[in-house]
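Me: I am new to this structure. Please take me through its terms one by one.

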Amino acid sequence: MSRTPTRAPRSILVVALLGIAFLALPVVGLLQRAPWSSLDDLLGRRAVLDALRVSLTVSALAAAIVLVLGTPLAWMLARVDIPMRRLVRALIVLPMVLPPVVGGTALLFALGRRGLVGQWLDRWFDITLPFTMAGAVVAATFVALPFYVMTVEGALRTMGDDLEQIAGTLGASPLTVLRRITLPRLLPAMGAGLALAWARALGEFGATITFAGNLPGRTRTLPLATFQALESDPEAALALSLVLLAVSLVVLLPTRDRWLPTR
Amino acid sequence: MRTQPDLPAGAQGRPKAVDLTGRLVRGDLVLDVALSVQPGEIVAVVGPNGAGKTTLLRLMAGLERLDDGRLLLGGLIVDDATDPGHVASHDRCVGWVPQDRLLFPHLSVAANVGFSPGATPERVDHLLNALDLRSIADRRPSECSGGQAQRVAVARALAGSPGLLLLDEPSTALDGASRQRIHELLGADDHPTTLLVTHDPVEAAGIADRIIELDAGRIVAAGTP
């Protein structure tokens, strides 16, 4: 027995279709103008390959840091009665709503060579972040972390802690509960959160160019290379955009059950 | 320090005495109870909805803290309102069967039953047979009927050989035969001290050594069936 499908009013249907068209049109435009015949040549260029390598390295490292920092943070927000929880959550969400350029500027004043913490990193550990690949990773992590934390925290709240309590009464230590109950049930949300964070890191532009610059082979990621190419070589920009589109689709694979057709 | 963080080795499996004199406030409920249970005794707790029956079990399991008074399990202070420290759930050696069963959905029936670190393979085997769960041992909880899930929850709570068993309406989804199996397990020679919340007076009279009635957080009647 299947449910009777809901019949949408025509007016809502029209507006919804307009929404779909609005989202699909740029992608169609991109595919229509793509230089398919010279794509091989364009994608084989050193600048494109460099940008792809930098983008994948930076976004993968950012995703790894997001996973390590974000999982305990999400768990703490969902499970521990911390003081000023709302303030902490607002702080975590801030990079989501902050213009990325402002984020990059803030990073510069915090972690730059004369920044609040950066001056000590430079003086004591000889670590310089601005205009390095490490800086690009920091910028990408800064903007991507909230996407992961919010996704995982939401999942933890939805799951509730009833099963964790039961596991505790059965004699399981908190670490065992985390390993055998919480994490296995959280894996789908962690995958989805990580995909979102990775996608955000991959598309990062404003914070990166402000904090890490636009240095070929070091901090010039695919979005920066695309922007650069738009002025001088539109065909190359289109090819780079196609690469970004393809990589983004691959990154979405962990969440295919939710967003991509599976059958 | 008046509480002991660890129970002595070998405490597991030995029926525990319960001594509670205390009070806790949770929303509208004021639970104010003095209750002593002998080792191995089965006490049925009856009373209307909202009387505090489930809260009493959660208190025993370490999921609620007393606002006043103290609780001893097996002669050890596990909760004392004057002491911020208390013995955590996982150190209390209790088995809890909540009303909504709450099986681990990502684990098989056998893995659910064997979840407790105190569960031996022999004990798990025995319980799978005793509660007629052998044929569904590899199934996920989502593939179990309500009665099967209820039996899995009881088996899981018993597998670690707890000294105190806390049962919250354990028979609601059970047919007569399954109920009989659980009652036989509870009546076995080595059964733990048991607090059984039930709305069924026949079940309470049939299995319990003593019945207490809770109303608005207080014990209003107590007696033997």
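Reply: Start with contact: two residues are in contact if their C-beta atoms, placed from the backbone, lie within 7 Å. Leaving aside neighbours within four places in sequence, B:Val45 is in contact with residues including B:Lys53, B:Leu56, B:Leu196 and B:Ile212. This is a predicted model, in which local features need pLDDT of at least 70, side-chain atom pairs count only at pLDDT 80 or more, and totals for chains, interfaces and linings use all residues. Residues are numbered from 1 along each chain as its sequence is written, and chains are lettered from A and ligands numbered from 1 in the order in which they are written.

Me: What makes strand 3 and strand 9 of chain B a pair?

Reply: Two strands pair if DSSP finds at least two bridges between them. Four bridges join strand 3 (residues 42–46) to strand 9 (residues 210–215) of chain B, so they pair. They run parallel. B:Val45 stands opposite B:Ile212 in strand 9 of chain B.

Me: Why are strand 6 and strand 10 of chain B called edge strands?

Reply: The open sheet has six strands, in the order 6-7-8-3-9-10 (chain B), with mixed pairing. Strand 6 (94–97) and strand 10 (218–223) of chain B each pair on one side only.

Me: Which residues of the largest nonpolar core touch the most other members?

Reply: Among them are B:Val43, B:Val45 and B:Met60, in a core of 67 residues. A nonpolar core is a set of buried Ala, Val, Leu, Ile, Met, Phe, Trp, Tyr and Cys residues joined through C-beta atoms within 7 Å. Buried means that 20 or more other C-beta atoms lie within 10 Å of a residue's own.

Terms used: A residue is buried if 20 or more other C-beta atoms lie within 10 Å of its own, exposed if 12 or fewer, and partly exposed in between; C-beta atoms are placed from the backbone. Helices (H or I, at least four residues) and strands (E, at least two) are DSSP runs, numbered from the N terminus.
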